[in-house]
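Trainee: Before I use the terms in this description, could we go through what each of them rests on?

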Amino acid sequence: MFKGLMVTGRRRVYVFDASAFIEGLEGLAFEDQVFTTPEVVEELREAEVKGRSELARELGRVRVESPRLKHVEEAERAAFQTGDFSRLSKADLSLLALAVQLRAEGLSPTIVSGDYAVQNVAEQLNLNYASTLRIKHRIRWLTYCSSCGRSFPPGFRLECCPTCGGRLKRKPLERGKAGGGGKRLGN
Ligand SMILES: [Zn+2]
């Protein structure tokens, strides 16, 4: 009803992938709400990376929701646009779609995922993301060509070097004090 007011009061929430759960919830403030999807929960169960009781306790802090189809489709479109679609699991797409949905519902979601393809699509969707909540250093990534060594600005999205056609790789450029492990977390 009062859309203008919701913008100023957007509540920050987190959308976790499996790697974020494996790192644990220690980086969260008590009041922080974590969301995830049934697909991510299934990945965690299959991996059996944690004792069941510990996972269950953590999931008590977590709301598990399935995104609606239209948001899944929006995430899929973005993944095709960045060329990451084939690198994304069903769980990856589901959490991207859930973040889109939560934003549409007036929340301010931050995706927590160490997966570069997920982060890349999150950026395409203009979603906040962080690689982890535990490391309190911001890492800026330098993209460079593994053949000729030419470097490109952070966020450069091509897969091949425009000069020599070599494969592009990334390495951490610098570490600075920040509120989280990813871009735009402080916004
Ligand atoms: Zn090159």
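This is a predicted model: local features need pLDDT of at least 70, side-chain atom pairs count only at pLDDT 80 or more; totals for chains, interfaces and linings use all residues.

Mentor: Residues are numbered from 1 along each chain as its sequence is written.

Trainee: What makes β3 and β5 the edge strands?

Mentor: Two strands pair if DSSP finds at least two bridges between them, a strand being a DSSP run (E) of at least two residues and a helix one (H or I) of at least four, both numbered from the N terminus. Five strands form an open sheet in the order β3-β2-β1-β4-β5, with parallel pairing. β3 (62-64) and β5 (128-130) each pair on one side only, and they are therefore the edge strands.

Trainee: How do you know that β4 and β5 pair?

Mentor: Strand β4 (residues 108-112) and β5 are joined in the parallel sense over three bridges, against the required at least two, so they count as paired. Val-112 has Ala-130 of β5 as its bridge partner.

Trainee: Which strands does α6 touch where it packs on the sheet?

Mentor: Helix α6 touches β1 (12-16), β2 (33-36) and β4, and its direction makes about 165° with that of β4. Contact here is defined by C-beta atoms, placed from the backbone, that lie within 7 Å.

Trainee: How is the packing of α3 and α6 described?

Mentor: The axes of α3 (residues 38-47) and α6 (residues 90-104) come within 8 Å and cross at roughly 140°, where axes are lines fitted to C-alpha atoms, for helices over the stretch in contact, and angles run from 0 to 180 degrees between N-to-C directions. Glu-39, Val-40 and Glu-43 of α3 make the contact with Lys-90, Ala-91, Ser-94 and Leu-95 of α6.

Trainee: Why is Gln-119 called buried?

Mentor: A residue is buried if 20 or more other C-beta atoms, placed from the backbone, lie within 10 Å of its own, exposed if 12 or fewer, and partly exposed in between. Gln-119 has 20 such neighbours, and therefore counts as buried. Gln-119 lies in helix α7 (residues 116-124).

Trainee: What makes a set of residues a nonpolar core?

Mentor: Such a core consists of buried Ala, Val, Leu, Ile, Met, Phe, Trp, Tyr and Cys residues joined through C-beta atoms within 7 Å. The largest one has 33 residues, and Ile-111 is among those with the most contacts inside it. Helix α6 gives the most to this core, with nine residues.

Note on methods. Two residues are in contact if their C-beta atoms, placed from the backbone, lie within 7 Å.
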